[in-house]
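Trainee: I am new to this structure and would like to go through it by question and answer. Please start with the terms.

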Amino acid sequence: MVLSWTKGRVFRRARKGKELSSGSDLEIEIAIPTHFRCPVTLDMMKDPVTMSTGITYDRDSIEKWIESGNRTCPVTKTELNSFEMIPNHSIRRMIQDWCVEHRSYGIERIPTPRIPVSPYEVADTCTKILSAAQHGDENKCVELVRKIKAWGKESERNKRCIVVNGAALALANAFNIFSRGVVEKNVVVLDEILGALTWMRPLSEDGRSVLGSVSSIGCMVWFMNGKQLATRQNAALLLKEMRVEALVKCEGVLEALVNMVKEPAGSASSKACLSTIFKLVNSSMSNRGRSCERLVELGLVSVLLEVLVDAEKGVCEKALGVLDCLCDSKQGLQMAKSNALTLPVVIKKLLRVSELSSSFAVSVLWKVCDKTEEEMLVEALQIGVFHKLLVLLQVGCAEGTKEKATELLKSLNGCRSKAECVDSSLDFKHLKKPF
């Protein structure tokens, strides 16, 4: 049996009058031998490997089959005695030759695949990295870390193999060792390790414990305060992995996080910093209040409101969550009330981003628009919050959010007669009709 592959709409310009006229289409059927196709996906194999049953598959396909928990050969249904994959160079060369013969039809030659990294190679390299770090051999360590990064760039399969075989813990230990010295002296190796660790997240508990040292977190803070955007982002992403108990012990963490939110190195770094701040202000630790006060002193309330003006969904949710927590403190609530952006920005986010954002927005409004704050209530009415809260109750929300929205509506209702004008530009398409 010969399966076929259609190369649609192949355009050729005729050079002779007896050939096809200019601009005409020709549908060409190109027959691909069955043994060039993977039995699992029926696609042409790019990296053919032979299993213990003697059947050849595409490496990516059979790896996914095994990772899904299957222990049998897809074709013969017999149990695999070994998961070793032997590259089938003969078939691969035949496929490459066939591609070259048919290149006039737009078929590209498959590249010769690189041999994937083995668990032994990863483990051996990790041992050498630890040895180099313990002996203070920065150059050797940089060479080995770059080797791991190069393996990871080759394929997702290599990345999985590197992570599974403990590379993250080895790199975390090396980072911790070099961070104890002068950061400026070891900046190259620390930067290389930082870049490798970011794609090995989430880290194991052992990895978090090692990187939770004062010297390691201090080193991440130093990188976050630097000028290299990529390094700043990597440091922010790694800092997000750290436990709250470790973060509060290190000086300069809050300042670095606020600066990163003010001057983000990218969307990913903004989300990471806001997530870290949220962990700090939402924790059950005794020093939560001190963290909130310090963040308010650093001007985080106004920074968050400016970020919220045109923030994307992920950033918006996290920024509103942090703002809600800061409003639990007396200083944070006062700063929110005194900022002219608070009501317009927060009310704008109601029903526009996500259910989570709406719940945070209602909570902020509930704290800011106190019953005694008549001026704030009137301003909120003029912006159009009354109708938005009605819509929110109709479309449905969490029980806690519903209670706060109901209480807000009662307070707002008492001030409706004092509002000069109410925003009538609201789109009522979300309201449920009674008929």
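Mentor: Buried means under 20% relative accessible area, exposed means over 50%, and partly exposed is in between (1.4 Å probe, protein chains only). This is a predicted model, in which local features need pLDDT of at least 70, side-chain atom pairs count only at pLDDT 80 or more, and totals for chains, interfaces and linings use all residues. Residues are numbered from 1 along each chain as its sequence is written, and side-chain values use heavy atoms, with hydrogens and water left out.

Trainee: Is Cys161 buried or exposed, and what is its relative accessible area?

Mentor: The cut-off for buried is under 20%. Cys161 falls in the buried class, with a relative accessible area of 9%.

Trainee: Which cysteine has the sulfur closest to that of Cys161?

Mentor: A disulfide is a pair of cysteine sulfur atoms within 2.5 Å. The closest sulfur to that of Cys161 is 9.9 Å away, which is too far for a bond. That sulfur belongs to Cys126.

Trainee: How many disulfides does the rule give?

Mentor: The rule asks for two cysteine sulfur atoms within the cut-off already stated. By this rule, the number of disulfides is zero.

Trainee: How many of the residues of helix 16 are buried?

Mentor: Helix 16 covers residues 313–326. It is largely enclosed by the rest of the structure, because the buried residues number twelve of the 14. Among them are Val315, Leu320 and Leu326.

Trainee: What distance separates the end C-alpha atoms of helix 16?

Mentor: The expected span of a helix is 1.5 Å times one less than its number of residues. For the 14 residues of helix 16 that should be 20 Å. The end C-alpha atoms agree with this, at 20 Å apart.

Trainee: Which helices do the buried residues of helix 22 pack against?

Mentor: The buried residues of helix 22 are Thr401, Ala405, Leu408, Leu409, Ser411 and Leu412. They cover an arc of only 165 degrees around the axis, which puts them on the same side of helix 22. Glu399, Glu403 and Lys410 are exposed, on the face turned away from the buried side. The buried residues pack against helix 19, helix 20 (374–383) and helix 21 (385–395).

Trainee: What is the distance from the backbone oxygen of Leu280 to a polar atom of the side chain of Ser283?

Mentor: Ser283 sits in the loop between helix 13 and helix 14, and counts as buried at 12% relative accessibility. A polar contact is a pair of N or O atoms within 3.5 Å; within protein, one must be able to donate a hydrogen and the other to accept it, and residues adjacent in sequence count only if both atoms are side-chain atoms. The distance from the backbone oxygen of Leu280 to the side-chain polar atom of Ser283 is 3.2 Å.

Trainee: How many aromatic pairs does a search of the whole structure find?

Mentor: Rings of Phe, Tyr and Trp (its six-membered ring) pair if their centres lie within 6.5 Å; planes under 30 degrees apart count as stacked, over 60 as edge-to-face and the rest as tilted. With that rule, the search of the whole structure gives three aromatic pairs.

Trainee: What angle lies between the planes of Trp222 and Phe223?

Mentor: Trp222 and Phe223 form an edge-to-face aromatic pair, 5.2 Å centre to centre. Trp222 is partly exposed at 35% relative accessibility, whereas Phe223 is buried at 5%. The angle between the planes of Trp222 and Phe223 is 80 degrees.

Terms used: Helix = DSSP H or I, 4+ residues; strand = E, 2+ residues; numbered from the N terminus. Arc of directions from axis to C-beta. Contact = heavy atoms within 4.5 Å.
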